[in-house]
Amino acid sequence: MLHPDWKDPLAYAFCERLTSAQWAWEFLRRNPGYQREWQAFWNTWQVLEAAYGKPPNRDFCAWKNDPRAWVPASECADGECRIDQDKVLIECALGARWGFHKFPPDPRDDDPVGEGRLTWRPRAETPLPVLPDDGLEPGSAHMGLMFDLSLPLKPQLEQARHQLQLEAVRRRREQGLQPRRVRTLREHWVQLLRVLDAESEGELAQAREMFGEAALIEAMELRDGGYLDLLRVPD
């Protein structure tokens with residue numbers, strides 16, 4: 001079910017068993033942009049199937065010669081799609097834009113990840129912040145260490161690993177720092193799904209009053225691209 005009754009916590013009982021990859025899908029499927037793009041894609045796909053058939057009887061040669069089956073390669077900016085004369089198949093381009101492999105799932109599809117019909121594309125490595133050059137203030141879960149780049153890095157990295165481990169233990173013991181895990185974030189993420197479902201029902205004001213403005217902002221950030229960051233959270 002795409003939009004459970006947001007007022008009923010029991011309607012989200014299925015979230016108890018979700019992995020981080022499945023959580024990412026829950027936020028993406030609620031994205032209005034993805035919903036519109038998928039519907040346009042599906043309309044084109046049905047027209048193509050009506051013209052050229054379904055497997056195993058599909059006329060693949062005629063399908064591939066139809067310009068509606070393709071988009072410009074520029075719509076697959078990450079370069080992972082197979083490019084044929086500066087064009088890319090519509091199903092691959094759609095998945096690349098939203099960060100996944102395989103045939104684009106219907107937003108109403110409850111579990112394409114668990115059933116093996118969607119896999120997430122590997123994300124490009126994000127450089128770590130450089131303090132203070134990046135102008136970032138460390139938060140309660142952050143720690144900065146200084147390295148001497150004129151000396152061998154390996155022993156410094158080993159020492160840093162040891163210090164980080166000790167500091168993580170200390171902060172958990174003395175400051176109550178919670179490790180980011182699916183099991184520890186599940187209840188919070190459910191609240192964010194409820195906010196998005198309330199919005200789809202035109203009841204955002206009620207959800208804002210119940211969960212707060214910060215929850216609304218975070219829910220929309222996860223829906224609008226942040227869902228890919230959830231893949232970093234251990235199950």
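Buried, as I use the word today, means under 20% relative accessible area, and exposed means over 50%. What I am showing is a predicted model.

Start with the cysteines. Cys81 has a relative accessible area of 5%, so this residue is buried. Cys15 is buried too, at 1%. Cys61 comes out at 58% and therefore counts as exposed.

Now the bonding. How many disulfides does a search of the whole structure find? The answer is one. Its partners are Cys81 and Cys92, with 2.4 Å between their sulfur atoms. The pair joins distant parts of the chain, 11 residues apart. Cys81 sits in the loop between strand E1, 70-72, and strand E2, 87-89, while Cys92 belongs to helix H4, residues 90-98. Is this disulfide left-handed or right-handed? The torsion about the S-S bond of Cys81 and Cys92 is about -105°, so the disulfide is left-handed.

Back to Cys61, which takes part in no disulfide. For Cys61, the nearest cysteine sulfur is that of Cys92, 20 Å away.

Second topic, a helix pair. Helix H7, residues 204-211, packs against helix H8, residues 213-223. The angle is about 115°, and the axes are 6 Å apart. Which residues meet there? From H7 there are Leu204, Arg208 and Phe211; from H8 there are Glu213, Ala215, Leu216 and Met220. Sorted by class, this contact has five nonpolar residues, two charged and no polar.

Notes:
Residues numbered from 1 in each chain as written. Predicted model: local features only at pLDDT ≥ 70, side-chain atom pairs only at ≥ 80, totals over all residues. Heavy atoms only, no water. Disulfide = S-S within 2.5 Å. Helix = DSSP H or I, 4+ residues; strand = E, 2+ residues; numbered from the N terminus. Buried < 20%, exposed > 50% of the residue type's maximum accessible area, 1.4 Å probe, protein only. Axes fitted to C-alpha atoms, helices over the stretch in contact; angles between N-to-C directions. Contact = heavy atoms within 4.5 Å. Nonpolar A, V, L, I, M, F, W, Y, C, P; charged D, E, K, R; others polar.
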